[in-house]
Amino acid sequence: MAMESNSATAGSLTKPCKKCRVQEATLDSRGQPVCKDCFVKFIATKCVKQIGLLGRETMPPCIPNPSGRGPPIIQIRKYILGLSLGPSSTALLNLLHENIEYQLSMNRRTPFDLTVIHISSSLGQSSDPLTAHRKAYPRFTFLTIPLSFALTLPTIDWSSLSFTSFPPSSLSELFNSLASQSVASRTDIIHLLTRHLLLHQILTTESQALLLGHSTTSIAELTLTQTAKGRGFSLPWQINDGPFTIIDYTLTPTEEKKVLVYYPLRDVLRKELITYTTLTDPPLTELIPAEEKTVKENAAVVSHKDLSIEEVMLRYFADVEENYPSIVANVARTTGKLVRIGTEENEAGNLCGLCSMPMDGEGDERWRGELGTTDDKKGLGRLCYGCERSTLG
Amino acid sequence: MAPSLCAICKTERALIKRPKNYTKLCKTCFIQVFEDEVNHTIKSSNLFHPGEKVAIGASGGKDSTVLASVLKTLNERHGYGLDLVLLSIDEGIKGYRDDSLETVKRNAAQYEMPLKVVGYDELYGWTMDQVVETIGKKGNCTYCGVFRRQALDRGAKMLGIKHVVTGHNADDVAETVLMNLLRGDMARLSRSTSIVTGDDKSEVKRSKPLKYSYEKEIVLYAHHKKLDYFSTECIYSPEAFRGSARSLIKQLERVRPSAILDIVRSGEDMARLVPGESGSSCACKGQKTSAPATVEDDISGCGSSQGGVVPGGEMAAMDKQLRENEEHAGLEIDISKKISESKQGGKETTEKAIPIRGGNPASKSGSGPRQVLGNCKRCGYMSSQEICQACTLLEGLNKNRPQIQL
């Protein structure tokens with residue numbers, strides 16, 4: 001019976017959705033013609049699966065019963081979301097919101113509270129970039145943090161960078177003091193500082209995990225980007241979900257803190273997320289600033305000196321994603337299997353003072369590739385290979 | 001603007017901007033520093049021992065010509081005590097090898113080194129021209145790569161030499177690292193960056209003394225030393241997977257010249273992160289330079305080093321295969337076995353649970369059985385499979401031969 005009615009419905013459509021068979025297929029989902037609803041549902045399922053995995057890793061926090069007696073009070077899980085304002089993190093914001101609304105509509109407990117954090121690198125920004133977001137998602141707390149706040153972070157070992165005075169008083173002082181003055185190095189350091197600020201916010205907001213909106217495509221891109229920066233050793237700490245150690249260098253002795261980092265959209269391609277932002281009601285595209293929407297990969301290259309490694313990879317993967325989406329997914333999946341070495345020894349001396357990733361003593365000993373630089377460019381030995389490259393050249 | 005002086009000697013006018021780090025050097029200092037760096041690589045990796053007989057895999061191209069020249073210079077300057085021999089492979093490609101072999105012959109005279117030429121026809125009964133006639137231009141680089149790899153080792157064996165050096169440069173190694181990441185090939189990723197492949201168990205060890213040398217600097221060195229080399233690309237050169245990685249590397253190099261070396265570094269470090277690798281538990285701290293690799297699947301000089309399953313190594317073919325795998329998720333083991341049966345052509349290969357290289361990418365990405373080095377049942381050449389790749393490919397070729405002759 002069901003079969004008959006399905007085929008009857010399908011028969012009246014010019015191109016029925018492969019999944020529900022009751023609506024017209026208007027979109028392509030991994031080679032299958034699907035309708036808008038099934039497309040959105042597919043993205044949501046991928047995200048909810050990962051959020052569920054995180055939920056099992058994190059127990060809701062408990063506080064003792066204030067009456068002094070009775071069972072402890074179970075609180076709500078607290079996560080933070082890093083919002084770049086781009087399509088992927090905006091999509092994640094919306095998906096998390098819908099997940100909570102759904103749970104509440106089923107008369108379940110609120111699954112988690114969310115603080116949304118945007119790290120702003122633009123100087124002298126007068127208007128709040130998150131006004132529209134606050135209005136659209138009144139349930140969540142929104143914070144904008146200037147990138148320059150990273151200079152006061154206790155989780156960076158400023159003494160590992162050879163400054164005359166540290167920490168530097170401004171971002172421009174930081175960048176001008178670096179031996180490496182390339183756009184590639186500067187962009188790398190901006191990424192490190194942004195990540196540091198977000199990780200530190202887990203502590204200040206007393207949250208349990210940081211959620212990042214990276215798509216499958218971004219993770220594949222990140223894999224090759226970090227490889228090209230000489231950061232291959234720490235890849236498993238950067239692309240996998242799980243705990244990450246940060247250190248408070250202002251305390252004596254220094255104190256280690258473990259924080260959780262998750263990528264709930266790791267199974268969704270970037271192009272799928274971009275489509276998703278156009279399908280919601282109202283469309284999320286209204287929340288995405290124009291400069292985030294412009295397709296950077298199509299802009300003409302004026303000078304390669306003004307490009308970062310990230311931009312080169314963005315262009316490369318835009319092409320690969322379009323033509324060979326399975327290869328993108330395969331890169332992300334297989335590099336996800338690389339194992340983390342050195343988790344046992346994650347104390348201050350074994351972590352890079354700048355990026356907080358484990359350092360690779362064995363790799364240093366084996367390394368025979370000299371860049372032909374002079375001795376005065378040698379670091380203090382407390383930075384990893386990739387950070388030495390970006391600071392010392 | 002006054003002409004800038006060489007950053008090293010500070011007396012001569014700087015003529016060369018080093019591609020690797022943009023320092024400005026005079027011709028003499030550039031040649032010196034290039035040779036010094038190769039010497040550093042050789043010394044610190046303990047590549048050679050005094051009195052060792054070493055065959056230089058010579059194609060007549062820039063890399064192997066520079067390698068021969070640098071090794072001759074360093075051998076005399078630093079008293080390595082090496083007995084150097086040029087070893088050339090004649091693939092049997094008309095218009096390509098004829099000229100480059102002439103170059104190698106001149107090199108032999110210029111460097112006063114003995115030369116041995118081994119032909120594909122005498123080794124396999126097939127020249128590359130005949131192979132292309134049979135299977136077409138698509139995927140023939142697989143044959144060439146597999147055949148060449150064995151040819152060098154067999155040639156070395158004939159000469160009683162246990163060490164072959166090849167001209168692979170930093171760009172080649174970096175390219176292989178990115179290519180293996182794109183292919184999701186963890187097993188190869190863990191081997192491709194080692195400076196030495198093959199260990200005490202193998203009959204012939206391989207090394208790449210120019211592993212850290214930039215291709216652009218090799219070209220500059222050859223130019224300023226006025227070396228005699230042959231610069232035509234192989235006429236069967238494919239637009240393979242490797243091409244995609246190569247263009248990416250060239251772009252990265254323009255953005256940050258150190259990127260090539262940085263990728264090599266990442267590749268070395270990531271080799272230890274591949275599941276099943278020895279990792280930090282290795283007792284010989286920092287000295288682990290030799291990869292106990294199966295000899296067949298090191299990087300080949302040109303074209304692709306695909307295991308013959310995805311002909312030509314086109315990304316589209318792999319994408320298609322991956323999609324099929326996704327659709328049949330959960331049946332991965334069965335699928336890979338089926339593929340191996342149909343592609344390998346020989347029934348013998350499926351008798352045991354053989355780890356299939358280049359088969360289902362999902363099955364070779366680390367969790368699969370470890371490859372064990374053995375010997376090919378037919379030719380005795382070392383192989384991780386019962387029948388080595390060359391014999392497998394030859395079988396396919398020989399089956400087709402009668403049809404072609406009709």
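This is a predicted model: local features need pLDDT of at least 70, side-chain atom pairs count only at pLDDT 80 or more; totals for chains, interfaces and linings use all residues.
Me: How many helices and strands does chain B have?
Reply: Chain A has 14 helices and 10 strands. For chain B, the numbers are 14 helices and 11 strands.

Me: What percentage of the residues in chain B is buried?
Reply: A residue counts as buried when its relative accessible area is under 20%. In chain A, 51% of the 393 residues are buried. Chain B has 406 residues, and the buried part is 60%.

Me: In chain B, what share of the contacts between residues at least 6 apart joins residues at least 24 apart?
Reply: In chain A, residues 24 or more positions apart account for 65% of the contacts with a separation of 6 or more. In chain B, the share for residues at least 24 apart is 74%.

Me: What area is buried between chain B and chain A?
Reply: The contact involves 53 residues of chain A and 57 residues of chain B. Carbon and sulfur atoms give 60% of the buried area, which is about 5,200 Å².

Me: Which three residues supply more of the area that chain B buries against chain A than any other three?
Reply: The area buried between the two chains is about 5,200 Å². On the chain B side, 16% of the buried area comes from three residues: Arg256(B), Arg265(B) and Leu273(B).

Me: How many salt bridges cross the interface of chain B and chain A?
Reply: Side chains of opposite charge can pair when their charged atoms come close. One salt bridge joins Asp262(B) and Arg389(A), at 2.8 Å from N to O. Between chain B and chain A there are also 14 residue pairs in polar contact, both residues at pLDDT 80 or more. The number of salt bridges across this interface is 3.

Me: Which element gives the largest share of the side of chain B that touches chain A?
Reply: The elements that give two or more residues to this side are H1, H7, H10, H11 and H12 of chain B. The residues of this side divide into 25 nonpolar, 16 polar and 16 charged. The largest share, 10 residues, comes from H11(B).

Me: Which residue of chain B is in contact with Arg231(A)?
Reply: Arg231(A) sits in the loop between helix H7 (216-228) and helix H8 (235-239) of chain A. At 4% relative accessibility, Arg231(A) is buried, and its side chain makes a polar contact of 2.8 Å with that of Asp188(A). Beyond four places in sequence, its contacts include Leu192(A), Cys355(A), Cys384(A) and, from chain B, Ser266(B).

Me: Is Ser207(A) buried or exposed?
Reply: Ser207(A) lies in the loop between helix H6 (183-204) and strand E8 (209-211) of chain A. Its side chain is joined to that of Thr205(A) by a polar contact of 2.7 Å. Beyond four places in sequence, Ser207(A) touches Lys78(A), Tyr79(A), Ile80(A) and Ile202(A). Its relative accessible area is 11%, under the 20% limit, so Ser207(A) is buried.

Me: How many residues apart in sequence are the parts that Arg30(A) and Glu272(A) tie together?
Reply: The closest N and O atoms of this salt bridge are 2.8 Å apart. Arg30(A) is partly exposed at 40% relative accessibility, whereas Glu272(A) is buried at 5%. Because Arg30(A) is in the loop between strands E1 and E2 of chain A and Glu272(A) is in helix H9 of chain A, the separation in sequence of the parts they tie together is 242 residues.

Me: What separates Asp319(B) and Arg323(B) in helix H12 of chain B?
Reply: The side chains of Asp319(B) and Arg323(B) form a salt bridge of 2.9 Å, N to O. Asp319(B) is buried at 3% relative accessible area, whereas Arg323(B) is partly exposed at 33%. Because the two residues are 4 residues apart in helix H12 of chain B, their separation is about one helical turn.

Me: What distance separates the C-alpha atoms of Ile8(B) and Ala390(B)?
Reply: Ile8(B) is in the segment before strand E1 (16-17) of chain B. Beyond four places in sequence, Ile8(B) touches Leu25(B), Cys29(B) and Val33(B). Ala390(B) is 382 residues from Ile8(B) along the chain, and the distance between their C-alpha atoms is 49 Å.

Definitions and conventions: Residues are numbered from 1 along each chain as its sequence is written. Chains are lettered from A and ligands numbered from 1 in the order in which they are written. Side-chain values use heavy atoms; hydrogens and water are left out. Contact means heavy atoms within 4.5 Å. Buried area is the accessible area (1.4 Å probe) that two parts lose on being put together, summed over both. A salt bridge is a side-chain nitrogen of Lys or Arg within 4 Å of a carboxyl oxygen of Asp or Glu. A polar contact is a pair of N or O atoms within 3.5 Å; within protein, one must be able to donate a hydrogen and the other to accept it, and residues adjacent in sequence count only if both atoms are side-chain atoms. Ala, Val, Leu, Ile, Met, Phe, Trp, Tyr, Cys and Pro count as nonpolar, Asp, Glu, Lys and Arg as charged, and the others, Gly among them, as polar. Buried means under 20% relative accessible area, exposed over 50%, partly exposed in between (1.4 Å probe, protein chains only).
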